[in-house]
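This briefing sets out the computed features of the structure shown below, grouped by topic.

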Amino acid sequence: MSGAFESLPPLIAAQLNYLLAHSSLPVKVEQIWSGCKNAQYSDRFTLLVPFCLDHIKWEIIYNAYYPSAAPDVVFPSEDEDFHPLPFLEDDEGGEARADKSSLCNWDGKDPSRLLALIHEMRYLYIHHQRRRVGELDDPRLKFEINTVLSREGIEVCRISGTERTEGVKFAVPLLDMDLNKLVPGCPWRKQQKIHLQAVFPVTRKHLSAPSPPQIKLVSSPDLKMLFTVDDVKLPPWLNGMCMAEYLPNLEEKLQEQILEAVKAVGARRQFIEALATIFGRPLEADPVFCRTATVLCVSGAFIFLVHFCIPTQFPKHQPILTLESSLHVDLQGRPIKSLPMMEYPWSPRWETGHMVERIFEFLVEECLSFKSYCIEASSRQQ
Amino acid sequence: MEGISIQKVSIWGTTLASVIQRFSSSGGDVDGVLLGHFGRLLPPELTDDDPSSSSSSSPLLSAFITNYFCFGMPMGFYDSLGRVDSRLLDRVLSLVKWPENCTVLGWFSARRNSGLRPSMREHAVSVSLSKVMEALARGGRFSENSQELMADRCIFMLFSSSAGSHAIHNHEYRAYTLEPKSRGHVHTRTPVEVVNLGPAFRSQYNLFSPESSFPWMPCGSENSKVLEDKSLINSRRTSRDSAALGGLAEGYKLERLRQMVGPNAERHKSELEQLYESMLLKLEGLAELVEKSSVGILEQENRNLELKAKVAGLESTTP
């Protein structure tokens, strides 16, 4: 990718770099290519713009010979009725909107211009999709939209397909709290968020009992260090329910579980601290979420590392142990590792100190078989 | 104007070839204005079993693209928001003398390696251009015939080319008609017909009117009876034309052709042959000049491209 960046004219590369570095949304570049006779000059690229818990692919078209000219966008064929530009078509305030557009008086030397354009287009796209959903002749969807669309940050889109599979996807941001501030020293740069994804099938009037939506929780990727939404058991969607009823209940439950997950960080920290008393000071440990720790062990002349991977559900779920020899390497020169181990004596009700003691006892036995495994593996190589 | 829909876009083979040549020889993307006229299509063959279908109320229209004007730079006649500058467009188009019955039909955009559907700005330009076209039509700038057929339908042609393997270039083109719908304008795919010579295009021969800068041959100009009937302006034009023709024929008068018939024909034959040969020589010289100047243009274009790349901050690795 870096090579492709170099083939972009500097003015365009600056705008793209600025977009990738400063966008509050995780925009990605999929491909960079050339639209010139001389194919070594690149001037177009595909952006993956996040929208409604998915992404939309936009082709951004510059002109390598005129890098200070404003770019153009080719939208995917399924969005052929999305026309953000002709501001003059709607009479109300069209001119004013045109003057405010980031395309107006385009300054190619300003690296922030592309970012502004993408955000503006995305904003217009959200409204375009809302309008499309609003046009559907489905009384339940009309009701849902009227009741929940006022929530900040909500996104909806139509999923096209055959008449049976046609649906509307809602992406509802949950919890009005700043997840980045839950754990002190949190290294996350992007704002973390949990969304409820609800896909409603489109039902025409003649069907009396509309089927419930498919619902699932989606979280931003970094959050997995602290809390996995897959562990949350969603409250059931009762017949005739609407989102405005469902959401408060779900949010309350979710909030409880997140606060528990934050408490679990403390339990994991205690566990890592307890490791020090028996195994000695860990070589490495995750200081923020306390998800991993590595200790050095010696058994006779055999020296090995023990990696602890501590789950978010600790102490309900026990840590996963992996042994790594410091003396034996495989053919590629990598240290020989054991398979992850979860089958050892464990009870969540034990004191932390007792947990560590029992793991130590287990490892005293286990390291012998790991040692013979290592010796066997390395002797086979010779 | 309601109810008029454009059935197809007919583009002259030479015009299409010229646009593609212009595009493939340019360094980057190209766009410009399409010119020509709207014409009625012959109604489809009537059938005698269904009277309702034959009395279709909307006339069938075809857009005949005969000429184009290419702007040498991107966004030559519109801004970054796709708003057409009608005054600029007017000024630029008035620089060239277009044949009669030749009006703005729409525009084209040619871009390499990109999605073959109208882009964000292209849509905006078509909408804006159709408004300009509408205003022009209302202003009565065009001949009566075309004004009658003038629709606020903007034709948009999209060209794309991609260099395939083994130095084969694929040129693709699509034509769209911008149609007003209940919620804004929509680009509708319209079939394209490339007009060439041949029996398949016989129906279009009547649409062809020869236009040439070559003066009209004053055949039978000696027949004074005909001349007397003509107005003063016409006779003036005839005399001006015959002077121009005389210049081209290097003083070889038309009357001398008369001498080719009769007993002295053999003597005059060599004279005519001489004239023919000198004209051939002239043509060859002209061809040579064209070739040389084409090379010069190509070299200059390549230099320009290099300079443009340098200004854009791109370094060429090829020598």
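A residue is called buried at under 20% relative accessible area, exposed at over 50%, and partly exposed in between, using a 1.4 Å probe and protein chains only. The model is predicted: local features need pLDDT of at least 70, side-chain atom pairs count only at pLDDT 80 or more, and totals for chains, interfaces and linings use all residues. Residues are numbered from 1 along each chain as its sequence is written, chains are lettered from A and ligands numbered from 1 in the order in which they are written, and side-chain values use heavy atoms, with hydrogens and water left out.

**Chain A overall**

- Chain A has seven helices and 13 strands, where helices (H or I, at least four residues) and strands (E, at least two) are DSSP runs numbered from the N terminus.
- Chain A comprises 382 residues, of which 49% count as buried.
- Where contacts in chain A link residues at least 6 apart in sequence, 52% of them join residues at least 24 apart; a contact means heavy atoms within 4.5 Å.

**Interface of chains A and B**

- Chain B contributes 40 residues to the contact and chain A contributes 47 residues.
- The area buried between the two chains is about 3,500 Å², and carbon and sulfur atoms give 56% of it; buried area is the accessible area (1.4 Å probe) that two parts lose on being put together, summed over both.
- On the chain B side, Leu81(B), Met120(B) and Arg183(B) lose the most area to chain A, together 21% of what that side buries.
- One salt bridge is found across this interface, a salt bridge being a side-chain nitrogen of Lys or Arg within 4 Å of a carboxyl oxygen of Asp or Glu.
- Asp29(B) and Arg44(A) form a salt bridge in which the closest N and O atoms are 2.6 Å apart. This pair crosses between chains, from the loop between α1 (13–25) and β2 of chain B, which holds Asp29(B), to strand β2 of chain A, which holds Arg44(A).
- Asp29(B) is partly exposed at 21% relative accessibility, whereas Arg44(A) is buried at 0%.

**Other salt bridges**

- Over all chains, the count of salt bridges is 13.
- Glu30(A) and Lys57(A) form one with their closest N and O atoms 3.4 Å apart. Glu30(A) lies in strand β1 (residues 28–33) of chain A and Lys57(A) in strand β3 (residues 54–61) of chain A, so the pair ties together parts that are 27 residues apart in sequence.
- Both partners are partly exposed, Glu30(A) at 36% relative accessibility and Lys57(A) at 41%.
- Glu179(B) and Lys181(B) meet in a salt bridge at 3.8 Å, N to O. Glu179(B) is buried at 16% relative accessible area, while Lys181(B) is partly exposed at 45%.
- Asp43(A), Arg44(A) and Asp29(B) are joined into one network by salt bridges that share partners.

**Aromatic pairs**

- The structure holds 33 aromatic pairs over all chains. Rings of Phe, Tyr and Trp (its six-membered ring) pair if their centres lie within 6.5 Å, with planes under 30 degrees apart counted as stacked, over 60 as edge-to-face and the rest as tilted.
- The ring centres of Phe51(A) and Tyr125(A) are 4.9 Å apart and the planes stand at 80°, so this pair is edge-to-face. Phe51(A) belongs to strand β2 (residues 44–51) of chain A and Tyr125(A) to helix α4 (residues 113–134) of chain A, so the pair ties together parts that are 74 residues apart in sequence.
- Phe51(A) is buried at 4% relative accessibility, and Tyr125(A) is buried at 3%.
- Tyr344(A) and Trp346(A) also form an edge-to-face pair, 6.3 Å centre to centre with 85° between the planes.
- One aromatic cluster includes Phe271(A), Phe279(A), Tyr344(A) and Trp346(A) among its members.

- Leu89(B), Val92(B) and Leu93(B) are the buried residues of helix α3 (residues 86–93) of chain B. Seen down the axis of α3(B), these residues fall within an arc of 95°, so they line one face of the helix; the arc is that of the directions from the helix axis to the C-beta atoms.
- Arg87(B) and Arg91(B) are exposed on the other side of α3(B).
- The buried residues of α3(B) pack against β2 (30–40), β3 (60–71), β4 (103–110) and α4 (120–138) of chain B.
- His37(B) is located in strand β2 of chain B and is buried at 11% relative accessibility.
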